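Here is my note for you, point by point. Please keep the viewer open as you read.

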Amino acid sequence: MSAKIRKIRPQDRPQLEEILKAQQHFRPAEIQVALELIDIALSHPDEEEYIIRCAEKGGGDILGYICYGKAPLTDAVYDLYWIVVHPREWNRGTGTFLFRFAEEDLVRRKARMLLIETSSLPAYERPRRFYRKHGFQEQARLLDYYTAGDHKVIFGKRF
């Protein structure tokens, strides 16, 4: 992988919005929430409520990003809020590159566990396969959580 991982910068927001909108399975409300987290991270760069790192190739093109943070009121549990790769970069290792970076960072932070939630809809099968491939196991399934027939699936990985 010829990309590098770096902290988010204010000038990244338009590219990140483009990457989010390129995802065919994201609903507008999901994109709005993702952008809200990006805005929080950009407006408080010294805080680490939302840690956002971008995968960038030469020339400043962002391939994808990852957003994670410590779960409140836990002793070392983190949430993986977003891992998003531009569709033109799928199957090229960018998601794995981002995830491995975050995993190494979480080990340095002495994280005990990483959790991620996602939808049970067929459009989210690709992300669910990605999580399983990287050692996540399904921890819980909340039936009809998002809408009738759309369950919240919670995956976890222990360190």
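1. Start with the rings. The structure holds seven aromatic pairs. Keep in mind that this is a predicted model. Two of the pairs are described below. A pair of aromatic rings is described by the distance of the centres and the angle of the planes.

2. Look at F99 and F136. Their rings form a tilted pair.

3. The cut-off for buried is under 20%.

4. Now take Y131 and F155. The ring centres are 5.7 Å apart and the planes are at 55 degrees, so this pair is tilted. Here, too, distant parts of the chain are linked. Y131 belongs to helix α4, and F155 belongs to strand β7, residues 150-158. The two are 24 residues apart.

5. Which residues do the ring pairs link into a cluster? They are F99, F130, Y131, F136 and F155.

6. Turn to the helices. Two packed helices are described by the angle between their axes and the distance between the axes. Helix α1 covers residues 13-21, and helix α2 covers residues 28-43. They pack at an angle of about 160 degrees, and their axes are 10 Å apart. Angles over 145 degrees count as roughly antiparallel. So α1 and α2 are roughly antiparallel to each other. Their crossing is right-handed.

7. What makes the contact between α1 and α2? From α1 come R13, L16, E17, L20 and K21. From α2 come I31, A34, L35, I38, D39 and L42. Sorted by type, the contact of α1 with α2 has seven nonpolar residues, no polar ones and four charged ones.

8. Pick out L35 in that contact. L35 lies in helix α2. At 9% relative accessibility, L35 counts as buried. Leaving aside residues up to four places away in sequence, L35 touches R13, E17 and L20. For a sense of scale, compare L35 with Y78. They are 43 residues apart in sequence and 20 Å apart in space, C-alpha to C-alpha.

9. Last, check the backbone in two loops. Most residues other than glycine have a negative phi, and most peptide bonds are trans. N91 is not a glycine, yet its phi is positive, about 65 degrees. N91 lies in the loop between β4 (77-85) and α3. Its relative accessible area is 74%, so N91 is exposed.

10. K110 has a positive phi of about 65 degrees and is not a glycine. Where does K110 lie? K110 is in the loop between α3 and β5 (113-119). With a relative accessible area of 67%, K110 is exposed. The cut-off for exposed is over 50%.

Terms used. Residues numbered from 1 in each chain as written. Predicted model: local features only at pLDDT ≥ 70, side-chain atom pairs only at ≥ 80, totals over all residues. Heavy atoms only, no water. Axes fitted to C-alpha atoms, helices over the stretch in contact; angles between N-to-C directions. Helix = DSSP H or I, 4+ residues; strand = E, 2+ residues; numbered from the N terminus. Parallel < 35°, antiparallel > 145°, perpendicular 65-115°, else oblique. Left-handed = near helix turned anticlockwise from the far one by under 90°. Contact = heavy atoms within 4.5 Å. Nonpolar A, V, L, I, M, F, W, Y, C, P; charged D, E, K, R; others polar. Phe/Tyr/Trp six-rings, centres within 6.5 Å; stacked < 30°, edge-to-face > 60°. Buried < 20%, exposed > 50% of the residue type's maximum accessible area, 1.4 Å probe, protein only.
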